[in-house]
Amino acid sequence: MKRAISIQVLIFAIIRIVFNTIHRMIYPFLGHFSRGLGVDLATLSLALTGRSIIGGIGPLLGAVADSRGRKIGLLLGAITFTGGMIVVVVWPTLPAFFLALVLTTLGKYIFDAAMQAYLSDQIPYQRRGTALAVTESGWSLSFILGMPFVAFLIARGNWLTPFQIFSLFGVLIIALVLWMIPNDPVSEKDAVSIWVNIGEVLRYPPALAGFAIGILSSTANEVINLIFGIWLSDSFGLHLIALGG
């Protein structure tokens, strides 16, 4: 792997820590967000369910990297994510919170798809798995590092503080993409129609089986995520910093 690409892989891993921290922080601190917004847990759980349903269109938007280029896809994802952060900072209400959940989720999905496509273009097949594995560490590190950081931010400020701090991170990520990723315009003859891609998936049984596995496992995971933070607090009396740890 060339040095420049290796640095980009590490930067992508850090960016994914940021994106995934916001995506996952709602679950362990569900009680704190519900109290901050002045709504009950059932209402906030419905908002998260709505996020998951709307997030289903993420793959459709993610295809922009095929039709418009990898850089446009990365920028669209980063801007959508950052916009979600800013919405709830400017308007800290339940509707804005729900909109922030949707936009940050869509931004994450768009960015992830464009990033994986970009790295697949740049890295030989025999090294590609290693590069993608490094970026995927952003998912686990978002919990190992991100949740204690979020707990610290909430303890030092309030439920809105993580959104304020991560809005700044989002602006930095947009600047990094603009600086780091070369322009890659897609000619009309090379552009791939999203409907052609979807048609190929729907006609390929292994892809449908993989899709079904993803839906079922994600549903099971979502149920556990919605419960475990509240359960830890109620059963063991864990407060904010302890819960983050």
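Predicted model: local features only at pLDDT ≥ 70, side-chain atom pairs only at ≥ 80, totals over all residues.

1. Fold. From the N terminus on, the elements of the protein chain run α-α-α-α-α-α-α-α-α-α-α-α-α. The count is 13 helices and zero strands.

2. Overall dimensions. The radius of gyration of the protein chain is 19 Å, close to the 18 Å that the globule rule gives for 245 residues, so the chain is as compact as a globular protein of that length. Along the principal axes, the C-alpha atoms fill a box of roughly 55 × 40 × 35 Å.

3. Packing and surface. Of the 245 residues in the protein chain, 42% are buried. Among contacts between residues at least 6 apart in sequence, 81% join residues at least 24 apart. The protein chain exposes about 12700 Å², and carbon and sulfur atoms supply 69% of that area.

4. Charge. The protein chain carries 15 positive and 11 negative side chains. The centres of the two sets lie 8 Å apart. With a salt bridge taken as a side-chain nitrogen of Lys or Arg within 4 Å of a carboxyl oxygen of Asp or Glu, the count comes to four salt bridges.

5. The pair R16 and D112. These side chains meet in a salt bridge, with an N to O distance of 3.1 Å. The pair links distant parts of the chain, since R16 belongs to helix α1 (residues 3–25) and D112 to helix α7 (residues 94–122), 96 residues apart. Both R16 and D112 are buried.

6. The pair D121 and R70. Here the closest N and O atoms of the salt bridge are 2.7 Å apart. D121 lies in helix α7 and R70 in helix α6 (residues 70–90), so the pair ties together parts that are 51 residues apart in sequence. Are the two partners buried or exposed? D121 counts as partly exposed, because its relative accessibility is 46%. R70 is buried, with a relative accessible area of 15%.

7. The pair K108 and D112. This salt bridge brings the closest N and O atoms to 3.0 Å. K108 and D112 are four residues apart in helix α7, which means that about one helical turn separates them. K108 is buried, at a relative accessible area of 5%, and D112 is buried as well, at 9%.

8. Which residues are joined by salt bridges that share partners? R16, K108, D112 and E136 form one network of this kind.

Technical notes:
Residues numbered from 1 in each chain as written. Heavy atoms only, no water. Helix = DSSP H or I, 4+ residues; strand = E, 2+ residues; numbered from the N terminus. Rg over C-alpha atoms; globule rule 2.2 N^0.38 Å. Buried < 20%, exposed > 50% of the residue type's maximum accessible area, 1.4 Å probe, protein only. Contact = heavy atoms within 4.5 Å. Areas by Shrake-Rupley, 256 points an atom, 1.4 Å probe, with all protein chains shown as cover. Lys, Arg positive; Asp, Glu negative; His and termini not counted. Charge placed at Lys NZ, Arg CZ, Asp CG, Glu CD.
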